[in-house]
Amino acid sequence: MDNIISFSNVSLTYPEAKRPAINNISFNIKKGSWTAIIGHNGSGKSTITRLINGLLIPDKDSDTIIEVDGIKLSDDTVWQVRDRVGIVFQNPDNQFVGATVADDVAFGLENRGVPREQMLDIVDKSIANVGMMEYKFAEPSNLSGGQKQRVAIAGILAVKPQIIILDEATSMLDPNGRKSILSLVRKMQAKNNLTVISITHDIDEAEKADDIIVLDDGVIIDQGAPETIFKQADLIEKIGLEEPFIYRLMTKLRENGIDIPNKIKSQEELLEYLCQLNLKM
């Protein structure tokens, strides 16, 4: 897979801040992948998302490069980049601008000058894709938290971005609502070959990503596959998070003499392996 996002030597210092929020970071994100960015509060996670689409401008340095879908981010290209990136924020109420669900989903299309007949078709398809057609003419403010996030996702999908950023988008939802939204995004990712970036404190959400970037005080301290990151209990403790249940369980099993292959990555795979092991015994 090609890189769809590249950061090279990027720093950002907020006005009056004593130190950079992001300090000389470099990383790549593969097209079509799901990348989770984790770290404690204030580590720079949300700063990265706002740098990706030009909402924030990095500190000036001749070596600094932000590239999105082959476009080097600059004052001249910022709107091209924003056309490729959609962000779902923690509180969807901050994103709503329409009086109804349909109006809100249509907003981005209207701004892009999409012809009305074409726009109406896109709006219906986008709302149907997130399972919200029966609420097409409802007021967004009257929806549940999970329904609001579905509408926010529909509005982003309508303008066909290449990248979707979930900026703590599930943190205000209950476990069922969180599972439903993540399942929906994965379905849309597969259908549209989207690249997903998830800013999260939810270890279970991060554990299902293809790649994880670990931040600590504005510096990337590790990047790799979940099975590589979550085997490092000291690293996870350092950033104030808890090791996922599946990794804690496998550690306990190994401590009790049960050989668990490193290739196992999910609870389902572990359960299947243990059942097979029991049959052999």
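Visitor: Where in the chain is E16 placed?

Guide: E16 is in the loop between β1 (3–12) and β2 (22–30). Strands here are DSSP runs of E with at least two residues, helices are runs of H or I with at least four, and both are numbered from the N terminus. This is a predicted model, in which local features need pLDDT of at least 70 and side-chain atom pairs count only at pLDDT 80 or more, while totals for chains, interfaces and linings use all residues. Residues are numbered from 1 along each chain as its sequence is written, and side-chain values use heavy atoms, without hydrogens and water.

Visitor: Why is E16 called exposed?

Guide: The relative accessibility of E16 is 79%, so E16 counts as exposed. The cut-offs are under 20% relative accessible area for buried, over 50% for exposed and in between for partly exposed, with a 1.4 Å probe and protein chains only. E16 also has a phi near 70°, a positive value in a residue other than glycine.

Visitor: What makes β6 and β7 a pair?

Guide: Four bridges join β6 to β7 (residues 163–167), against the at least two required, and the strands run parallel. Within this pair, G86 stands opposite I164 in β7.

Visitor: Why are α3 and α5 called roughly parallel?

Guide: The axes of α3 (residues 101–111) and α5 cross at roughly 30° and come within 8 Å. Angles under 35 degrees count as roughly parallel, over 145 as roughly antiparallel, 65 to 115 as roughly perpendicular and the rest as oblique, so α3 is roughly parallel to α5. Axes are lines fitted to C-alpha atoms, for helices over the stretch in contact, with angles from 0 to 180 degrees between N-to-C directions. V101, D104, V105 and L109 of α3 make the contact (heavy atoms within 4.5 Å) with V151, A154, G155 and A158 of α5.

Visitor: Why do α5 and α6 fall in that class?

Guide: Their axes come within 10 Å and cross at roughly 15°, and α5 and α6 are therefore roughly parallel. G146, Q149, R150, I153 and L157 in α5 meet S180, I181, L184, V185, M188 and N192 in α6.

Visitor: What makes a set of residues a nonpolar core, and how many residues has the largest?

Guide: The members are buried Ala, Val, Leu, Ile, Met, Phe, Trp, Tyr and Cys residues joined through side-chain atoms within 4.5 Å. The largest core has 54 residues, and L166, I212 and F230 have the most contacts inside it. Helix α5 (residues 145–158) gives the most to this core, with seven residues. A second, separate core of 29 residues includes V10, L56, V68 and V85.

Visitor: Which residues does L166 contact, beyond its neighbours within four places in sequence?

Guide: L166 is in contact with W34, V88, L182, V185, V196, I197, S198 and I199.
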